[in-house]
Amino acid sequence: MTTTIDYDQFYIDGGWQAPASNGSIPVHSASTEERVGSVPEGTERDIDLAVAAARRAFDDPDGWSRWSPARRAEALERFAAALEARGAETARRVSVQNGMPIWLANQFEAGFPPLLLRYYSGLVAESGLEEIRPGILGGRSLVIREPVGVVGAVVPWNVPQAISFLKIAPALASGSTVVIKPAPETVLDAFLVGEAALEAGLPPGVLNIVPGGREVGAYLVSHPGVDKVSFTGSTAAGRAIAETCGRLLRPVTLELGGKSAAIVLDDADLAANIQSFFASTLLNNGQICWLGTRILAPQRRYQEVVDTITGLASSLAVGDPLDPATQLGPLVSSRQRERVESYIAKGESEGARLTTGGKRPKDLDRGWYVEPTVFADVDNKQTIAQEEIFGPVLAVIPYSSEEEAVAIANDTDYGLGGSVWTADPERGTALARKVQSGTIGINAYVNDPTAPFGGIKSSGIGRELGPEGLHAFQVLKTIYLDASSS
Ligand code: NAD
């Protein structure tokens, strides 16, 4: 970016509103470390205004929540088109801010939001919101799916747009209204969403965007005007939010951290699947929650697997995320790089064998880069096999039988993603059934919008995507009809 992008208002109540305070959030380029823009810093007062606007929009007897699904779908189609018109700039802003390679930002950050808006509008229209169930006690029940109300959404910086729309798309399609708090590291992209909502003519208050830090996030989560919380982020923050929601008896969806296993079986042709393996283990510079960062390798072919993964990591094009040839960009911040480097030091001090990487790239003297790094001979009890690193660091762990591979895969606090690599998809599926995880792929890892995504254990509560991701923003009401009303 040659000029900086600076905003001085928030998208609240269907328009641009002045912030309540003078605070501002500076935004930096992950690859040049330069300041590339700023936005106002949200405060409790801004959240109050945003929640009040969302509440009015939801409670309006002729408003969004009472519109037919078809009418909401028309508005969401305009919103999708307005986002598409800004897709290239959205991808560019995300890439600059968090280091996501531009080809990936085009797919995830430009591509996913309109796709999700259309998928969920269609799903609400097709699936219907009411059903009559014949009873077994003489009467019938009318079962209605109503919108949950005002949604407080808090999102992280790693895939900011796609993750935001995992919440915004089903929530708005359901008839709910939303206040979303983006992470301070990635805010410039969020303002394009406000512009698109304005252009699409979303009714005032249906969507409100207030960037800020964790205190503002915590304030939103506990706000008396919020009916449902949807959070994506670290397990530590998720626990704090779950405590708040537990106390308030407020429904909450939590998408948290992971330490997933990529299980390589002894019949796998890893070299033939290397692109898919890369996408499942090192995508977005290692900054994705579901990546398979523990590679379980069979003793029989251990050295070959270590060599293949080492070759993959050492051959990746590391550099400017805006260069379409770049496969691995910088980390989001110097703080994140320090965190990743401290895990690399821990891996070495605990006795794992570094086969490639481990340092900052020599030819890149600016930007928060870390070389793609592979540790072999890792014991699953070691810190780098147990804790989420959130950077381009893989741990290869040997196993001697399939039972042992499953035991290692399950010996973790987390349960979010994972993959099995094999020439025999049936064998892979049988093994995948034994892995304790919310999602897992055979020779690939993909979150298809039609299928539920989410974790078990410390990876979270609830599901996004699929019909389940819509149900998270609906409440059920049963009206019992006695036999005389048939
Ligand atoms: P983080 O938890 O520190 O921050 C995430 C968001 O929550 C930010 O907007 C932050 O301001 C806010 N926040 C932090 N503490 C809060 C609190 N107590 N109350 C309310 N809001 C709070 O996480 P991060 O470092 O920004 O993101 C990385 C983490 O997110 C990783 O652990 C990663 O695995 C996880 N993640 C999970 C998924 C998933 O779908 N499971 C997806 C992406 C990222």
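Predicted model: local features only at pLDDT ≥ 70, side-chain atom pairs only at ≥ 80, totals over all residues.
Colleague: What makes a residue part of the lining of the largest pocket, and which residues lie nearest its centre?

Modeller: A lining residue has an atom within 4 Å of a point of the pocket, and 42 residues line the largest pocket, with Arg214, Phe231, Gly233, Ser234 and Ala237 lying nearest its centre. The volume of this pocket is about 1100 Å³.

Colleague: How do you know which helix gives the largest share of that lining?

Modeller: Helix 7 (214–221), strand 11 (228–232), helix 8 (235–248) and helix 11 (334–349) each supply at least two residues, and the largest share, seven residues, comes from helix 8.

Colleague: Why is the second largest pocket said to lie between domain 1 and domain 2?

Modeller: Domain 1 (5–256 + 460–478) and domain 2 (261–448) both give residues to its lining, and therefore the second largest pocket lies between them. This pocket holds about 490 Å³ of space, and of the 24 residues that line it, Phe108, Phe112, Ile288, Trp290 and Asn447 are the closest to its centre.

Colleague: What makes up the lining of the second largest pocket, by class and by helix?

Modeller: Its residues divide into 18 nonpolar, three polar and three charged, while helix 4 (102–127) and helix 5 (160–174) each supply at least two residues, and the largest share, five residues, comes from helix 4.

Key
Residues numbered from 1 in each chain as written. Heavy atoms only, no water. 1 Å grid on protein atoms, 1.4 Å probe; cavity = no way out; pocket = protein on both sides within 12 Å on 5 of 7 lines; lining within 4 Å. Points joined across faces, edges and corners; volume = space filled by probe spheres on them. Helix = DSSP H or I, 4+ residues; strand = E, 2+ residues; numbered from the N terminus. Nonpolar A, V, L, I, M, F, W, Y, C, P; charged D, E, K, R; others polar. Domains from an automatic or database assignment.
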